Amino acid sequence: MERFHHLINGVTTAGTSGNVGPVYNPATGLQVGEVDLASVEETDAAVAAAAAAFPAWRATSLATRTKLMYRFRELVDANRAEIARRISIQHGKTLPDADGEVARGLENIEFASGVAANIAGRFTEQASTGVDVYDMRQPLGVTVGITPFNFPAMVPLWMFPMAVAAGNTFILKPSEKDPAASLYIAELMNEAGFPPGVMNVLNGDRIAVDRLLTHPDVKAVSFVGSTPVARHIQETSVAHGKRVQALAGAKNHMIVLPDADIGLAADAAVNAGFGSAGERCMAIAVVVAVGDIADPLVEAITQRMEGLVVGPGDQASTDMGPLITGEHRERVAGYVAAGAEAGAEVVVDGRDLEFEGDGFYFGPTLIDRVRPAMTVYTDEIFGPVLSVVRVDTYDEGIDLIASNRWGNGTAIFTRDGGAARQFVFDVDAGMVGVNVPIPVPVGYYSFGGWGESLFGDTHMYGPEGFRFWTRNKVVTSRWPDPSTSTVDLGFPRND
Ligand code: NAD
């Protein structure tokens, strides 16, 4: 059984708390490893290492930091297949999905390598006579990232490349369910030549997280995970004087207007609903069918679902892997049962699919005629369950999305440019797709939702990422007129 330790001060460090968590291969249902869970003392030691590394790292030139980022980028790219393999084994997603996650993460490293341009300040000459004003963005100190299981490589890469490039030191607390990929990526930072203590990985659960949130030397906390935990992270961090961004749960709607290309919309719904077994914060959970497109759309989605192959993520024929745990599979099944009981129509029932072995598999599921009061609609299921809500008009669809408590991503499918433009204007969500079902912004924009999908303020990565990881300093300076100098500088003198 593989053992996953901490990586502190550039060194693999075995846990001393005596607490460990199980790590499974969801495709077999078997435990494949154990992860150390840090105590308060071990957490303090990680913060001390990051704090000790900070003064020299913030004084390191931008030229050197940029070079290291480039080297790191090359190492991640060269080891893509190995990172994808580690993701797939512990998460269960297919290898192409895992590789896609690394590709999106690479974008963030590339953006972070442009740190010099992105944190440059402004300069105003002669604000008053002889007075100049300028500003700069400086790093914060020890910074922290706490990440979910569903993107064990990409989500950490949303955070630490920008944080570290800006001159902070960093402690990553990855999900204890699949720690292998983030540990490996942190090892690549070592290999790239980042000084010890700049990037640290601390494995743990709530004990480690709560210590990080209250530790006086931690200056900023970036979190991605479920809504209740995000709320806890934000409230605790703020109460302890830290800046915080906490990205949370989602229930993303895709509205399909009567003029949409049905084939395109059905393909999009299937890919965005069942990719990574629906365990994506930008997955489509609800298809909002406007008017008489509902029947042909449900039929087209159903047809495509028949072709989906569910199986181990490392097999080339697999379209959809298992869920993360057996417990989660039971939870997903419970929502489908509740939907059926509440009167929704289960068109394709994932509970019916039979699998050999003990993997945490659940078949893709389509539920039609879902109404907003049903738990299948109100709750984030985070599994391969696609709901269809039928509405008569565009306005009804817009109101439905606005009244949902989350507002992460959304999409419209239509051939009408004017309707699409109006949707972009009207809709309550942080990220919007036009005939694009999963509108994850490219690395030089920023990622974030509205409503209960985000606690805190700035969005993650891109320009807002650099703002989050730095603070502004404004300098107002006045120099005496050189002609008044007591030393002859060669300037015209007044006397
Ligand atoms: P989670 O909230 O259970 O765990 C996230 C992190 O918080 C993990 O590192 C975990 O160890 C830690 N944690 C869990 N419970 C805690 C507690 N009580 N106190 C302190 N720390 C705690 O989330 P998950 O199940 O790993 O991930 C799935 C969730 O993440 C979904 O809700 C999904 O929508 C969300 N997510 C959101 C985004 C986004 O960008 N908005 C992206 C990815 C995932």
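Student: How far does a polar side-chain atom of glutamate 176 lie from an oxygen atom of the ligand?

Tutor: In this predicted model, the separation is 2.6 Å. A polar contact is a pair of N or O atoms within 3.5 Å, so that is the cut-off to keep in mind. Glutamate 380 also places a polar side-chain atom 2.6 Å from a ligand oxygen. For glycine 225, a backbone N or O atom lies 3.3 Å from an oxygen atom of the ligand.

Student: How much of the ligand's accessible area does the protein cover?

Tutor: On its own the ligand has 840 Å² of accessible area, and the protein covers 89% of that. As for location, the ligand sits in the largest pocket.

Student: Which elements give two or more residues to the shell around the ligand?

Tutor: Those are α8 (206-214), β11 (218-224) and α9 (227-239). Looking at domains, at least three shell residues come from each of domain 1 (2-248 + 453-476) and domain 2 (252-434).

Student: How many residues surround the ligand, and which are the closest?

Tutor: There are 27, with Lys173, Glu176, Ser226, Ala248 and Glu380 the closest. Sorted by class, the shell holds 15 nonpolar, 8 polar and 4 charged residues.

How values were computed:
Residues numbered from 1 in each chain as written. Predicted model: local features only at pLDDT ≥ 70, side-chain atom pairs only at ≥ 80, totals over all residues. Heavy atoms only, no water. Near = heavy atom within 4 Å. Polar contact = N/O pair within 3.5 Å; in protein donor to acceptor, adjacent residues only side chain to side chain. Areas by Shrake-Rupley, 256 points an atom, 1.4 Å probe, with all protein chains shown as cover. 1 Å grid on protein atoms, 1.4 Å probe; cavity = no way out; pocket = protein on both sides within 12 Å on 5 of 7 lines; lining within 4 Å. Sits in = over half its atoms within 2 Å of the grid points. Helix = DSSP H or I, 4+ residues; strand = E, 2+ residues; numbered from the N terminus. Nonpolar A, V, L, I, M, F, W, Y, C, P; charged D, E, K, R; others polar. Domains from an automatic or database assignment.
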